[in-house]
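Q: I would like to learn how to read contacts, cores, strands and aromatic pairs in a protein model. Could we go through them one at a time, with the structure in view?

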Amino acid sequence: MKRYVAFLLAVCMILSVAALAGCGKKVVPVENGSPAPVSGAESAVDSAPASDNAEATEAAAVSTVTLNPTAFTAKAGDYELSFEPIALGGNTGGSGSHDFCGDYSEGKYYLSDKNAKKVFVYTINGTTADLEKEYDTETGFEKITANHNGDILLSQGIFEAYELLRDGNFDKLPFKHDLECSKKEDFAVLTWVNADPTVIHNGEEGPWVFENINDDEKRVGKLSMVFDCEIVGDDVLIGGTYKDNGEENYRIGIFDYDGNEKVMSAASDPVGYSALYETDKGVISANVSKLYLHSGDLEPVGQIKDLKTEAGFDSADVSTFWVKDFCDDGDGNLLMLVYVKKTDDTTEPLLYKVTGF
């Protein structure tokens, strides 16, 4: 059944990104403070009489849900976590299925999504993220990662990966699937749902320790499906399903760069993973709006059942509060990116600084 669901997911992803643009696009940086382009509808409103403008503004205010995230704390076992919102500048939201992703590198936070076809570059100052540049990529992404050189790489699941070059060019890379890079050295892992993970050394892709993960007869290793992969320091974290002695369970595995298993969560772990990361206290993982804490040995030590409620949002304003990505800012602060779908069918990214674990 899980592979049937995964197959349906793959079909949906193919349909959703079938119109993606090709390679070698030139991106155009828009410096902070430049006016955002307006749609035809907005232009029509601008040219209307003042009274019509007032009516249009009032109607828009009624139909648009405005989010005002505030700081909050929540208990998870013996830990009290603090969540502090970081205000994102720029027109980052929109309508449709915007599946936001982000990463931090060399003092900058990079935010992208798979439909709006933009990459936003921020400098974080306290609780504010100042927008420095905005790149039009002409294609969309579901994963963004920075490598050990600070290069920004974006990938499209079953489709290609690209590099956002420092001169503003946008280059296609000779790889496919979701790309996750080490920030320590020249090492990266490519994963996607039920494809075999591969690794990249010195720009060359090659096999890793897991093979035939979708084949019960030929499988090498326990991994049978991938939900998320993160590289933190010397560790490769893979949240997914693992099959052992005929039983298949959601688990988190931590591996070294050679693919040797360092630790594995219990087979009784009941949840999937939309995001995960490692801190000096253990591993934090998320399943949509649920948050889980694990010790360094991947023993469960606490959970938050509903982050949406803890954050102060209810179903009248927010229909989906989905934790998409964790990363750190290099100073020991954990950054959590949330995909929010509002009841007016618009989407918005929220960024929080998380402390306490």
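A: Let us start with contacts, where a contact means heavy atoms within 4.5 Å. Leaving aside residues up to four places away in sequence, Phe-326 touches Glu-230, Ala-275, Leu-276, Tyr-277, Ile-284, Ser-285, Ala-286, Leu-291, Leu-334, Leu-335 and Met-336. Please keep in mind that this is a predicted model, in which local features need pLDDT of at least 70 and side-chain atom pairs count only at pLDDT 80 or more, while totals for chains, interfaces and linings use all residues. Residues are numbered from 1 along each chain as its sequence is written, and side-chain values use heavy atoms, with hydrogens and water left out.

Q: Which residues have the most contacts inside the largest nonpolar core?
A: A nonpolar core is a set of buried Ala, Val, Leu, Ile, Met, Phe, Trp, Tyr and Cys residues joined through side-chain atoms within 4.5 Å, and buried means under 20% relative accessible area, with exposed being over 50% and partly exposed in between (1.4 Å probe, protein chains only). Here the largest core has 40 residues, and Phe-83, Phe-321, Phe-326 and Tyr-352 are those with the most contacts inside it. Apart from it lies another core, of 16 residues, which includes Val-199, Cys-229, Ile-238 and Tyr-257.

Q: What can we say about β24 and its partner β23?
A: Strand β23 (residues 290-294) and β24 pair in the antiparallel sense over four bridges, and Tyr-292 has Gln-303 in β24 as its bridge partner. Gly-302 also lies in β24 (residues 300-304), and this glycine counts as buried at 18% relative accessibility. Beyond four places in sequence, Gly-302 touches Ala-76, Gly-77, Leu-291, Tyr-292 and Leu-293.

Q: How many residues of strand β15 are buried, and which strands pair with it?
A: In β15 (residues 195-201), five of the seven residues are buried, so the strand is largely enclosed by the rest of the structure. Strand β14 (residues 188-192) pairs with β15 in the antiparallel sense over four bridges, and Leu-190 stands opposite Thr-198 in β15. Strand β16 (residues 204-207) also pairs with β15 in the antiparallel sense, over four bridges, with Gly-206 in β16 as the bridge partner of Val-199. The hairpin of β14 and β15 has two residues between the strands, and Val-193 takes a positive phi near 30° there. In the hairpin of β15 and β16, also with two residues between the strands, Asn-202 in the turn has a positive phi of about 50°.

Q: How many aromatic pairs are there in the whole structure, and what describes such a pair?
A: A pair of aromatic rings is described by the distance of the centres and the angle of the planes. Rings of Phe, Tyr and Trp (its six-membered ring) pair if their centres lie within 6.5 Å, and planes under 30 degrees apart count as stacked, over 60 as edge-to-face and the rest as tilted. A search of the whole structure finds 15 aromatic pairs. In one of them, Phe-72 and Tyr-352 have ring centres 5.8 Å apart and planes at 80°, so the pair is edge-to-face. Because Phe-72 lies in strand β2 (residues 72-76) and Tyr-352 in strand β27 (residues 346-355), this pair ties together parts that are 280 residues apart in sequence. Phe-72 is buried, with a relative accessible area of 9%, and Tyr-352 is buried as well, at 0%. Phe-72, Phe-83 and Tyr-352 form one aromatic cluster.

Notes: Two strands pair if DSSP finds at least two bridges between them.
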